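Let me put the thing up on the screen and then talk you through a few spots.

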Amino acid sequence: MTFPQINNYSIHQYWMNQALELAQQAGEAGEVPVGAIIINHNNQLIAQAQNRKERDFDPTAHAEILVLREAGKQLKNWHLNTCTLYVTLEPCPMCTGAILQARLGLLVYGADDPKTGTIRTVANLPDSACSFHRLSVLGGILESSCRQQLQAWFAQKRH
């Protein structure tokens, strides 16, 4: 499916700002500040989530995993090929695997993750031989804001 909004940066900025707000809430709750949102092809909100590893005592409670689960429940379908996922940080290997399993239509993320990013920074799982799904990706949306939010949170934690 081709996404008509793939080149519509005002839509991407709008939804990434919403994800940044979720990330802010996560950071205030003691979580690494990452927020995620899934919309459908009509730009309607389907699900939203934030990191909850600390609060849920669950190593899989990344924002991406939680939002994928909720979107599947809302749509009553685990195939999310007509959906767009917005996330403030490039997904890790676990989240990238889940995104590929969900057959996500479009992934839009903010900041590259130089430690665990597996969309294009450390590794490129979507384009690798182990991927069975061709994922459309748009990175760097509100990158500076996403990166600054993470850096400020980590600086405060280390201080």
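Quick word on naming: helices are DSSP runs of H or I with at least four residues, strands are E runs of at least two, and both are numbered from the N terminus. Residue numbers start from 1 along each chain as its sequence is written. And this is a predicted model, where local features need pLDDT of at least 70, side-chain atom pairs need 80 or more, and totals for chains, interfaces and linings use all residues, while side-chain values use heavy atoms, with hydrogens and water left out.

So, salt bridges: I mean a Lys or Arg side-chain nitrogen within 4 Å of an Asp or Glu carboxyl oxygen. That gives us five. Let's start in α5, where glutamate 143 and arginine 147 sit four residues apart, about one turn of the helix. Their side chains form a salt bridge at 3.5 Å, N to O.

How exposed are these residues? Buried is under 20% relative accessible area, exposed is over 50%, and partly exposed is in between, using a 1.4 Å probe and protein chains only. Glutamate 143 is partly exposed at 30%, and arginine 147 is partly exposed too, at 32%.

Next, aspartate 56 pairs with arginine 52, with the closest N and O atoms 3.1 Å apart. Aspartate 56 comes out at 33%, partly exposed, and arginine 52 is partly exposed at 29%.

Then there's aspartate 127 with arginine 134, at 3.8 Å, N to O. Here aspartate 127 is exposed, at 52%, and so is arginine 134, at 57%.
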